[in-house]
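This report describes one protein chain by way of selected residues. The sequence and the structure are shown first, and the description follows.

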Amino acid sequence: MKNIVAAPVANFIDLLLDAVCMVDAGGRFVFVSAACERIFGYTQQEMIGKLMIDLVAPADRERTLATARNIMNGESHTHFENRYLRKDGSIAHIMWSARWSEPDQLRMAVARDVTLLKQAQALQAVLYAISEAAQASDDLVDLFQRSHAIIGDLLPASGFGVALLDTAGQHLDFAYYVDGGMPSNASLTRVLCEEVVRRAAPLLLQSGSGEALPAQLQAATNSMTGGALAVPLKTPEGIVGVIVLCTGTEGASYMAHDRDLLLFVADQLAAAIQRKRLHAQMHFMAMYDELTRLPNRRLLYDRLDTALARARRQQEGLSLLFIDLNRFKLVNDSYGHACGDLLLRQVARRIAFCLRDTDTLARLGGDEFVVLLENSALSTNAGLVVDKIHLALAAPVDLGEGIQLQVSVSIGIAHYPEHGDNRQALMSHADERMYAAKAVAAGRDQRIENPCVGASIPPRATKNK
């Protein structure tokens, strides 16, 4: 092979940043310049005699062989791109120019390493793709599903999971999880994510890793056939969760540059998660009562208008229950607003237990609640619900510190279409009937001096929401 290139020319070629390669008709390297070691990680001696196709990434082999056949048929190729597996297992993106020398029976090529350029382009594409996914996603699960596809175009990700911390930052739970070769099972993957949160740093696992790990993870790592990579989702306020990937392929593992790429993706995804959560929080504040977590007046009106339109269309009935807690002001005045807040939450919980999932329980404010009963063909059905509510509130409400309150409610009922065909008419009728019931209850309660059984007066606290 010494006659293939003259020594002075070979010395000049070794100065080039690009690699020069020669491959025989059988597809084996017969000459490589010194730059090949920098690009591929193999020495010149290690590459000579190797089959070129064995170094090509499996996903690119078919089209690489097709292009090689075209070159050997006399076609010159420039700017052909494919991916190679470096000696350390990492991916090298290569841009080739090649032609076939018929007299020498050699395929001669110049290879340029464009890995850094491809990585920069990938980062830019990820930034755009994650931003677009965040805009297009209906919820976080949809966002994570889209993110899985985006990351899968960059890194092996047959196993993929996103674990999020609760608002207190104490408990991790998977919001999205696709197995595909994760370490043994979901519980061990959770341990991996918890370790990442504890370290506040990424963790790269592969068979034989010498890193100090919890016993469960160490055992899983020793039996791994592929690699796993987990990185924290960080925001300026702290860690909100963890992304974890698994190659799912025997012998495949992640490298340091894969970790850096996933960290970049994680930063974009964490920002998107924060925006989604903030939007959800703002929506909740606009539509729900802060104290009881029930729908507020605005959401009730929206649901009632929708229910009325549906009832008209399907010629069905619906009912409204207007509920007022009797003598609530006395509770606030006697035992403090903190006690009153707790009482409202307990009453709301008991009423909710009396309803179907399709019914709506809302808090209008103060001690007033409204129940919307849809698909109520018979007005007597509402009466049955009223009886259930009175029964649910018959037992004293335990508010702690020895405080037990005997409470009651006054309930007014309105039925569609008997009592009105619009929201205002139905609400007005139910309100009037509630005040009539409250007048009866007031007369009865004059015999009761105190609604509290065996209570001590707690210190006053925050005002009712």
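Which residue lies over the face of Tyr-301? Arg-423 does, at 4.3 Å from the ring centre. A charge is taken to sit over a ring if NZ of Lys or CZ of Arg is within 6 Å of the ring centre and within 35 degrees of the ring normal.

The model is predicted: local features need pLDDT of at least 70 and side-chain atom pairs count only at pLDDT 80 or more, whereas totals for chains, interfaces and linings use all residues. Residues are numbered from 1 along each chain as its sequence is written, and side-chain values use heavy atoms, with hydrogens and water left out.

## The chain as a whole

The protein chain contains 15 helices and 17 strands. These elements are DSSP runs numbered from the N terminus, with helices (H or I) of at least four residues and strands (E) of at least two. Of the 465 residues in the protein chain, 43% are buried. Buried stands for a relative accessible area under 20%, exposed for over 50%, and partly exposed for values in between (1.4 Å probe, protein chains only). The accessible surface of the protein chain is about 23800 Å², and carbon and sulfur atoms account for 54% of that surface. The areas come from the Shrake-Rupley method with a 1.4 Å probe, and for residues only the protein chains shown count as cover. Among contacts (heavy atoms within 4.5 Å) in the protein chain between residues at least 6 apart in sequence, 57% join residues at least 24 apart.

## Aromatic pairs

The whole structure holds five aromatic pairs. Rings of Phe, Tyr and Trp (its six-membered ring) pair if their centres lie within 6.5 Å; planes under 30 degrees apart count as stacked, over 60 as edge-to-face and the rest as tilted. One of the pairs is formed by Phe-40 and Tyr-84, which are tilted, with 5.2 Å centre to centre and 55° between the planes. This pair links distant parts of the chain, since Phe-40 belongs to helix H2 (residues 35–40) and Tyr-84 to strand E3 (residues 77–85), 44 residues apart. The C-alpha atoms of Tyr-84 and Phe-40 are separated by 7.7 Å. Another pair, Phe-174 with Tyr-177, is edge-to-face at 4.9 Å centre to centre and 65° between the planes.

| Residue | Relative accessible area | Class |
|---|---|---|
| Phe-40 | 1% | buried |
| Tyr-84 | 2% | buried |
| Phe-174 | 18% | buried |
| Tyr-177 | 28% | partly exposed |

Ring pairs also join Phe-40, Tyr-84 and Trp-96 into a cluster.

Asp-324 is located in strand E11 (residues 318–325). Is this residue buried or exposed? Asp-324 is buried, with a relative accessible area of 5%. Its side chain makes a polar contact with the side chain of Lys-438 at 2.3 Å. A polar contact is a pair of N or O atoms within 3.5 Å; within protein, one must be able to donate a hydrogen and the other to accept it, and residues adjacent in sequence count only if both atoms are side-chain atoms. Neighbours within four places in sequence aside, Asp-324 is in contact with Lys-438 and also with Asp-367, Glu-368, Ser-408, Val-409, Ser-410 and Met-434.

## Cysteines

How many disulfides are there? The count is zero, where a disulfide is a pair of cysteine sulfur atoms within 2.5 Å.

Met-108 itself lies in strand E5 (residues 106–113).

## Asp-14 in a loop

Asp-14 occupies the loop between helix H1 (7–13) and strand E1 (19–24). With a relative accessible area of 31%, Asp-14 is partly exposed. Its C-alpha atom is separated by 5.0 Å from that of Ala-34, 20 residues apart along the chain. Apart from neighbours within four places in sequence, Asp-14 is in contact with Ser-33, Ala-34 and Gln-44.
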